[in-house]
Amino acid sequence: MSRHPAPEELLLDYAAGALAQGPALAVALHVALDPLARRAVERIDALGGAMMEEQGEAALDELALERTLARLDTIAVEPRPAPRTPRPGFEWAPPPLARHIAAEARWRNVLGGFEEIRLRLPATAIACRCCA
């Protein structure tokens, strides 16, 4: 459990998919490692599902539903990637982090004994929404 709980607003944005990829990765790691944050995100997801069920089918515009279903046929579906096996030496890494550690990545010493490893993220992952 973390001594630094994530703000509820941040967890809400994460659950809603409203975070850029970089911040979403940081929150995903927090959620993976902190049972309290994980339960909060599960409650947010359940609440969102309950709200959608409460709206019912009457809230759907029939024409909008038909257009959306028609668009689904035009979207290419990629096969699900095979499960990644952790890279030797990185078995400790939670899945949200492990998928960003490249095979050639190495730890390097920086500033006063700290170590860093570069992650493989798309260029858009570090852009914040307010500056984009």
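Of the contacts in the protein chain between residues at least 6 apart in sequence, what share joins residues at least 24 apart? The share is 45%, where contact means heavy atoms within 4.5 Å. Keep in mind that this is a predicted model, in which local features need pLDDT of at least 70 and side-chain atom pairs count only at pLDDT 80 or more, while totals for chains, interfaces and linings use all residues. Residues are numbered from 1 along each chain as its sequence is written, and side-chain values use heavy atoms, with hydrogens and water left out.

**Overall layout**

- The protein chain has five helices and two strands, and along the sequence they run α-α-α-α-α-β-β.
- Those elements are DSSP runs numbered from the N terminus: helices are H or I with at least four residues, and strands are E with at least two.
- Of the 132 residues in the protein chain, 19% are buried.
- On the cut-offs, buried is under 20% relative accessible area, exposed is over 50%, and partly exposed is in between (1.4 Å probe, protein chains only).
- The protein chain shows about 10,800 Å² of accessible surface, and 60% of that belongs to carbon and sulfur atoms.
- Those areas come from the Shrake-Rupley method with a 1.4 Å probe, and for residues only the protein chains shown count as cover.

**Helix packing**

- Two packed helices are described by the angle between their axes and the distance between the axes.
- Here the axes are lines fitted to C-alpha atoms, for helices over the stretch in contact, and angles run from 0 to 180 degrees between N-to-C directions.
- Helix 1 (residues 8-16) and helix 2 (residues 21-33) have axes that come within 10 Å and cross at roughly 105 degrees.
- Helix 1 and helix 2 are therefore roughly perpendicular, a label for angles of 65 to 115 degrees (under 35 is roughly parallel, over 145 roughly antiparallel, and the rest oblique).
- From helix 1, Leu 10, Leu 11 and Tyr 14 meet Ala 24, Val 27, Ala 28 and Val 31 of helix 2.
- By class, that contact of helix 1 with helix 2 has seven nonpolar residues, no polar ones and no charged ones.
- The classes work like this: Ala, Val, Leu, Ile, Met, Phe, Trp, Tyr, Cys and Pro are nonpolar, Asp, Glu, Lys and Arg are charged, and the others, Gly among them, are polar.
- Helix 2 also packs with helix 3 (residues 35-55), at an angle of about 110 degrees and with the axes 5 Å apart.
- That makes helix 2 roughly perpendicular to helix 3.
- His 30, Val 31, Ala 32 and Leu 33 of helix 2 make this contact with Pro 35, Ala 37, Arg 38 and Val 41 of helix 3.
- The residues in the contact of helix 2 with helix 3 split into six nonpolar, one polar and one charged.

**Aromatic cluster**

- Rings of Phe, Tyr and Trp (its six-membered ring) pair if their centres lie within 6.5 Å; planes under 30 degrees apart are stacked, over 60 edge-to-face and the rest tilted.
- By this rule there are three aromatic pairs.
- Phe 90 and Trp 92 have ring centres 6.0 Å apart and planes at 45 degrees, so they form a tilted pair.
- Phe 90 and Trp 107 have ring centres 6.1 Å apart and planes at 20 degrees, so that pair is stacked.
- Phe 90 sits in the loop between helix 4 (62-72) and helix 5 (95-98), and Trp 107 in the loop between helix 5 and strand 1 (108-110), so the pair ties together parts 17 residues apart in sequence.
- Ring pairs link Phe 90, Trp 92 and Trp 107 into a cluster.
- Phe 90 is buried at 6% relative accessible area, Trp 92 is partly exposed at 47%, and Trp 107 is partly exposed at 42%.

**Loop residues worth a look**

- His 100 is in the loop between helix 5 and strand 1, and is buried at 9% relative accessible area.
- Leaving aside neighbours within four places in sequence, His 100 is in contact with Gln 21, Leu 25, Leu 119, Arg 120 and Leu 121.
- Ala 105 is in the loop between helix 5 and strand 1, and is buried at 9%.
- Not counting residues up to four places away in sequence, Ala 105 touches Arg 87, Ile 117 and Arg 118.
- Ala 105 and Leu 119 are 14 residues apart in sequence and 7.6 Å apart in space, C-alpha to C-alpha.
- Leu 111 is in the loop between strand 1 and strand 2 (114-116), and is exposed at 74%.
- Most residues other than glycine have a negative phi.
- Leu 111 has a positive phi of about 20 degrees although it is not a glycine.
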